[in-house]
Amino acid sequence: MTGKHEVVIVGGGAGGLELATRLGDRLGKKRRANITLIDASPSHLWKPLLYEVAAGSLDSYAERLEYLAQGHWHGFTFRLGRMDGLDRARQEVSVAPTFDEEGREIIPRRSFRYDTLVIAVGSVGNDFGVPGVKEHCIMLDTPEQAREFHRRHINACLRANTQSEPVAPGQLTVGIVGAGATGVELAAELHDTTRELSSYGMDQIEPDKSLKLLIVEASDRILPGLPPRLSAAAAERLAELGVEMHVRERIVEVRKNGMVTADGKHIPASMMVWSAGIKAPDFLKDIDGLETNRINQLVVRPTLQTTRDDTIFAFGDCAACPLPDGGGFVPPRAQAAHQQASMLVKSICRRFRGKSLPRYAYRDYGSLVALGRFSTVGNLMGGLTGGSIMIEGALARLVYWSLHKMHQVALHGWFKTALTAYAHFISTPTRARIKLH
């Protein structure tokens with residue numbers, strides 16, 4: 001026991017790591033509080049980049065950030081492990097043991113005491129209980145899953161390129177369930193990277209004939225959570241790329257060779273990705289009496305404190321935060337997690353001084369969707385534009401690129417981020433544009 005205020009943050013995603021970094025700089029380095037970050041992975045990768053990892057256009061190992069190093073640089077302590085329990089009476093978080101690849105325990109079960117607990121464990125794919133999803137689909141929740149999809153895709157292309165017989169119809173068919181941003185961006189990126197593979201020597205693969213990309217969406221349009229005009233622009237671009245879109249089709253079963261819709265139609269596919277919805281991790285459901293909703297999100301007040309415990313905060317995808325007008329909840333977007341992390345830095349510092357806490361109000365700055373290497377569509381909203389405008393092409397691509405840079409600035413500052421961007425730029429001519437293994 002140190003006598004210092006113990007701030008424990010569970011989850012090192014975009015919001016959790018930003019919060020730990022800024023609290024470490026403000027409180028940890030000055031020894032005003034102990035800041036501890038707990039995560040099941042030893043390294044961080046910005047989740048919106050996972051579709052690029054899956055398509056092979058991004059090397060996840062080169063882009064990852066080690067939590068231990070970040071903690072050393074910014075005044076917080078990192079602990080490896082997966083939270084699986086909570087004791088509110090004792091104010092302790094329970095962390096499951098960690099095992100190596102051979103099943104040997106390397107870190108025993110532990111518990112961590114807190115004075116302030118912040119839960120930011122993000123979300124995972126929601127299979128809605130559809131039979132066959134877990135057996136035959138890959139979800140893109142983690143870098144490991146994205147790398148697994150890429151490995152399967154590369155192996156399928158290698159097999160098709162070296163076999164003696166022609167590529168069979170459907171042999172290289174990728175079916176994506178869910179036409180949200182992840183599904184749409186993955187389809188467009190796969191279109192580009194497969195053509196790059198062909199140009200690198202896989203000349204037996206004719207991308208326009210051999211590869212088939214299809215998206216299945218239960219709603220009446222792709223990108224149903226975004227403005228209709230943005231959906232229409234994205235659909236037009238995907239059609240130009242040859243992506244087959246099935247809207248108003250709900251998948252009720254997934255089989256080894258494809259998907260079955262509610263009206264009995266079979267949609268063949270040799271590889272399938274499930275991106276049809278999200279939920280908070282299952283361990284959060286009613287954890288030690290905290291209020292949760294039907295997708296396991298912790299229900300919070302506008303201060304981001306949980307409804308039944310003032311010492312516990314939650315934010316990001318794992319939290320259900322009401323919108324000020326009562327018209328639903330804050331959407332699960334990276335911009336929301338970034339805004340909430342910024343507010344929580346102030347909130348926790350004010351809590352130390354016994355002052356009232358600010359209330360979170362979501363600011364929608366728009367949405368952007370990358371549609372391959374050279375195309376992006378989106379809309380900008382709020383004070384920046386005085387309303388809402390739709391943007392496309394180079395401007396949209398620049399804004400999309402800047403979102404990741406802003407995340408890096410929050411973690412490293414402007415100077416280091418600028419150096420990293422410059423180093424990436426000058427090394428581009430010597431690197432393959434796609435990961436070939």
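Select Val273 to begin: this residue is buried, because its relative accessible area is 1% (buried is under 20%, exposed over 50%, partly exposed in between, with a 1.4 Å probe and protein chains only). Val273 sits in strand E20, residues 271–274; strands (E, at least two residues) and helices (H or I, at least four) are DSSP runs, numbered from the N terminus.

Residues are numbered from 1 along each chain as its sequence is written, and side-chain values use heavy atoms, leaving out hydrogens and water.

Now, which residues is Val273 in contact with, leaving aside its neighbours within four places in sequence? Show Ile138, Leu140, Phe149, Gly175, Ile176, Val177 and Leu186; contact here means heavy atoms within 4.5 Å. Draw a distance from Val273 to Gly175: their C-alpha atoms are separated by 6.3 Å, although the two are 98 residues apart along the chain.

Next stop, helix H1: select residues 14–28. H1 has 15 residues and reaches 19 Å from first C-alpha to last, close to the 21 Å expected at 1.5 Å a residue (that span is 1.5 Å times one less than the number of residues). Since 11 of its 15 residues are buried, H1 is largely enclosed by the rest of the structure. Among those buried residues are Gly15, Gly16, Leu17 and Leu27.

Then jump to Ile426, in helix H12 (residues 414–427). Ile426 is partly exposed, with a relative accessible area of 48%.

Zoom out for the whole chain. Of the contacts with a separation of 6 or more, 63% are between residues 24 or more positions apart.

Finally, colour by pLDDT, the predictor's confidence in each residue from 0 to 100. The chain's mean is 87, and 88% of residues reach 70 or more. Over residues 381–387, though, pLDDT is below 50, and this stretch has nine contacts in the model beyond near neighbours in sequence. Where pLDDT is low, the predicted coordinates should not be read in detail.

Key: Predicted model: local features only at pLDDT ≥ 70, side-chain atom pairs only at ≥ 80, totals over all residues.
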